[in-house]
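Visitor: I have a chain to read and would like a guided tour. Where do we begin?

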Amino acid sequence: MVPIKLNEIREEYLRFFEKRDHLKLESFSLVPKNDESILIINSGMVPFKNYFDGTKKPPHGRLTTCQKCVRTIDIDNVGKTSRHASFFEMLGNFSFGDYFKKEAIEWAWEFVTETLKISKDKLWVSVYEEDKETVKIWKTLTDVHEKKIVFLGKKDNFWEIGTGPCGPCSEIYFDRGFQFGCKKQNCKPGCNCDRFIEFWNLVFTQFEKNKFGEYIKLNKPNIDTGMGLERIACIIQGKNSIFDINETKKILLEISNITKINYEKSEENDISLRIITDHIKSCVFLVSDSILPSNEGRGYVLRRLIRRAEKNGIMLGLNESFLYKIVNCVIQEYSFTYPELLEKKEYIKEIIKDEEEKFFKTLEIGIEILKNNIERVKNVNEETISAEIIFNLYDTYGFPFDLACEILEENGIKTDKTKFDSLMENQKNCARSAKNKKLKSFEDKKNLNLKEKTLFVGYDNFECDSQILSIYKNSENVKEAKENDKLSIILNKTVFYAESGGQVSDCGYLFSPNIKIKVLNVIKQNEIFILETEIEKGKIKVGDKLKCQININKRKEISKNHTCVHLLQSSLIKIFGNQIQQKGSYVSDEKFHFDFSYSKPINQEELEKIEKEINNKILENLDVYTIETDKELAKNMDAISIFDKKYKEKVRVVKIDDYSTEFCGGTHVKKTGEIGICKIISQRSVSNGVRRIEGISGLSVLNLLLVKEGVISEISEIFKIKDKKNIIKKIQNISEELKENKKEIKLLKTNLLEKLFLELSTKFEYINKIKTFFLQINKKYDTELLRNLCDLLTKNSDKVFVILSAKTDKNINIILLAISKNMIDVGISLEKISEDIIKITKGSGGGKSDFFQINYGDATKIQESFEIVKKILEKI
C-alpha cells in the first residue's frame, strides 16, 4: 500500500532506512545546540555539523531523521508560490564515513520507485557535470532513462559553504507535465519554470576545501541527503501546491472558516490565507521549543512571523486576535509525530495570544499612520516616504520595517532602506553608549594604553601584591593622588572580581604601611580591571606597589548565591524540562535572582518542590569545580551556555558534580554544603513569557528566620497567644470579627446617611431657579459619608448646587462642591469656583466637572466662600 498522508510517508521513510542499519533519531529542537552560527535549525543536516567536520563522534555511522525546520530567507515568496514555506520537515539519511554514493543512489531510487511507487517515466536526475562516478552509478545500478540524466554546473550541483567539507550532489526531480512549464521543447531540470520539482538532494561530501581554494579528497567521505516531506507529499497526493496537501489544507480551511473568506475565490485573499497557514505552523513549533517573541535573535523571527500573519488577518477583515484559535488545528495534524505539542498546547496558545493582543493595536495604529502618509505623498505626486517616518513607526510603535515596506509596495511607494538602516545603527549606538556609561570616560582617553591588561588571580586568592599602572581622577589621567581623592585605578594584578555575568563586584582595600584605599566597585573593559576607589590615608603615584585584599565575608556570601543560581537552573530544567532557558541573572552577597523562559506562574507546590530539590543538593555536599578548556570541548560536555553571548575560544566551565555544567566566569563555593541552606522568597513575571525567581542563602536565610520569628513573637504578645501554633487560628477569628464589624459599621453609616439626608434635603434656596444648598455641618463625619450625602442631594434632580463645609473625623477642614450633571451645560465651572475659594481660604483641592473637594486652613472664610457661590449663581 502506497503511503499517502504526511504521517505515513514520514514513518515509511524512517522505517525504510532503519531496516538498512540506520539509527533513527527524533527531530532536534529548532534551537541549535552549541552552535552560534545559526539562529534556528533550517535543514536536516545542521544538528550533525560536528559529525561531518569530525569534531564529535556520531552515536552510529548511519543516521536517519525527519527534522522540523524553519527558514525565512524566502519569506517574501511564501503564499505567492506553490512551493515556498517558512515551516517544513526534511527527511534525511546520513552516513559518516560508512557508505557512499552507490548505496545512497540505489536506496533513493528504490524508495522512490518501489516504496512510493512514483512512475519512473516522471523522474529525472541531475548530476554535477564533472562527477563521472555518479553518472556511472545512475546508469548501471538504476533503470533511470539515460536521456533523463541532466548535467548541471557548480552553481546547481556542488554543495559548499566557505571552507570545510564539501562535494558534488545529485538531485531527483518529478516532471509535472508539459502544461506546467515554459512550453519549450528542450525544457528539463535546470530550467526556471515550474514544470520540474526537485524533491530529493543527495550530497556527497568527499572533499575538504582549504583556505587556498584547494579541494582535498577526504579519507572517509560522508553522505548527507535531504527530501522535503511536503514536496514529496504534493507529488504522491497529486496536488499542485504544498498548501493543497491534505494536512495543510485542513489548517487553511480552518483559517478560511475563522475569517469567513472562501478559498480560491480571490488570488489576493488566497495569498493571505496561505501566509497565515504557513506562519501559524512555524509559530506553533517555535513556541513549543521555548522561543519567545522579542526584538532580537530568534525571538524576532517568531515576532515577525506572528506580525506578518496578523497583518494578513487584518487584510482579510479581522479586527481581533485570531491566530491562537488555529493552534488546536495545527497540533491535531502534527501531534502524532510531535506529542510534546499536546503537552504544551495551552502554553503555546497563551504565548501567541499574548503577542497578538500586544501587537494588534500597535499594528492597527501603525497601518493608519502609514496610510495617512501614503495618501499625503500621493496627493503631491511623490513616490517616496521618508525613512524617518518609517523609523519612527518602528521606534514608537514597534511597527516592523518589512511590513511597512510591503504596504508601501502595494501602494507603489518607496522608502530609503539605507537611511533606515543608518537610523537603526544610530539607535543601537546610543543604546551601547548608555550601557557603557561607566566606561565612556576611559574609552575616550587617548592616553589609556589598551594593551595594558590586568591579571586576575581572584578565583583562588583573597589577597595579592600589585602595582599601579594608571590613575584617573575626574576622568583625567593623572600621575599621583592624595587623601580623600576619589579615583579610578588600574593595576597590573588583582583579586577583585569585576562586575560581570550578573555577579556584583568585590569590594575591599588596597594598602601599604602608609596607604589605605577603599575599593568601592570594580568594572571591566576587555581585560582591564578598573577599580573605583577613595583614598582614606596617604598619597599614591603611578608605579606604587600595594597589597590587594577583598572583603572575604562578602565574597563568600556572593559565591554561595552564585552556586545557588546554578542549582536553581538545573532544578528548573529537571522539573519543567528543556523549555527552561536562562534570560538573565543577578548575584550579590544579599540575594540572587534568576530570569528564565516560562509563561505560567509557578504555584506554591512547585516552588516548594524546586526549593527542596536545591536544598537536597546542598545537603549532598556535592563537589563544585571549574574546568578551563576550549569552547568546542566545553560544548561537547553539554555545558549550558547563553546563545547570544559570544564566548572566547578558551572558556571556563563550572561543574556541580554531575548535576550541573555551565559556562561561567563567576565565583563559587568548593562544596555545596558550604551554602548551608537556600530559601526562595518570591517569583513573578518580568516580561512576556519570562519569569523571575528570587532567593537568598546562607546567613541571609538565618537573618530572615530571625526577623520572622520576631514578628511571630510580637503578634503572639499583642494578642496574648500562649502557643504560637494557634496564631493562624487566632488571626482567622479576628478577621471574621472584623468582617462582621465592618458590616455593622456599613449599616450604621447607611442609616446615618439617610438621617442626614432627610434632615438637610429641605434646607435649600432657589437662586435663578437653581436649587442651592449652603450647608455648614458642625459634627465630625468621615469624608466618604459627606461625599455620599452630596451625591444623594444632586442625584435625580435638575439644576442642583451644593456647597458643604465640615470638619472630618480626622480633623481636616473641607469644603465640598457638587452639582447635578445638567448644571455643566449652563456654564457652571466647579474648577473656576474652587480656584476662587482656594485663594481666600488658603487651601488646596482637586476634583472633576461635577464634584470638587477643597481642604482649607482659614475657617473664618466659610461665609465668604458661600457668598462667592451665591454671586456666581445670581449672574447666570
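## Reading the chain

Guide: Begin with the surface. This is a predicted model. The protein chain exposes about 44600 Å², and carbon and sulfur atoms supply 48% of that area.

Visitor: How many helices and strands are in the protein chain?

Guide: There are 24 helices and 35 strands.

Visitor: What does the radius of gyration say about how spread out the protein chain is?

Guide: Set the value against the globule rule. The rule gives 29 Å for 876 residues, and the protein chain has 37 Å, so the chain is more spread out than a compact globule. Its C-alpha trace spans about 115 × 85 × 65 Å along the principal axes.

Visitor: What share of the residues is buried?

Guide: Buried residues make up 49% of the 876.

Visitor: And how do I read contacts along the sequence?

Guide: Take contacts between residues at least 6 apart in sequence. Of these, 68% join residues at least 24 apart.

Visitor: What about charge?

Guide: Compare the mean positions. The chain has 143 positive and 133 negative charges, and their mean positions are 2 Å apart.

Visitor: Which residues have the most contacts inside the largest nonpolar core?

Guide: First the general idea. In soluble globular proteins, nonpolar side chains tend to be buried together. Here the largest nonpolar core has 99 residues. Trp 138, Phe 199, Trp 200, Ile 232 and Ile 326 have the most contacts inside it. Helix α8, residues 267-288, gives the largest share of this core, with eight residues. Apart from this core lies another, of 30 residues, with Phe 576, Val 587, Leu 607 and Val 654 among them.

Visitor: What does Phe 199 touch?

Guide: Leave out residues up to four places away in sequence. Its partners then include Val 112, Leu 123, Ile 172, Phe 174, Met 227, Arg 231 and Ile 232.

Visitor: Is Thr 629 buried or exposed?

Guide: Check the relative accessibility against the cut-off for buried, which is under 20%. Thr 629 has 11%, so Thr 629 counts as buried. Thr 629 is found in strand β25, residues 624-630. Beyond four places in sequence, Thr 629 touches Ala 634, Glu 649, Lys 650, Val 651 and Val 653.

Visitor: Where does phi take a positive value in a residue other than glycine?

Guide: Lys 260 is one case, with phi near 60°. Lys 260 sits in the loop between α7 and α8, and is exposed at 71% relative accessibility. Lys 842 is another, with phi near 55°. Lys 842 lies in the loop between α23 and β34. Its relative accessible area is 70%, so Lys 842 is exposed.

How values were computed. Residues are numbered from 1 along each chain as its sequence is written. This is a predicted model: local features need pLDDT of at least 70, side-chain atom pairs count only at pLDDT 80 or more; totals for chains, interfaces and linings use all residues. Side-chain values use heavy atoms; hydrogens and water are left out. Helices (H or I, at least four residues) and strands (E, at least two) are DSSP runs, numbered from the N terminus. The radius of gyration is taken over C-alpha atoms; the globule rule is 2.2 Å times the number of residues to the power 0.38. Buried means under 20% relative accessible area, exposed over 50%, partly exposed in between (1.4 Å probe, protein chains only). Contact means heavy atoms within 4.5 Å. Accessible areas come from the Shrake-Rupley method with a 1.4 Å probe; for residues, only the protein chains shown count as cover. Lys and Arg count as positive and Asp and Glu as negative; His and the chain ends are not counted. The place of a charge is taken as NZ of Lys, CZ of Arg, CG of Asp or CD of Glu. A nonpolar core is a set of buried Ala, Val, Leu, Ile, Met, Phe, Trp, Tyr and Cys residues joined through side-chain atoms within 4.5 Å.
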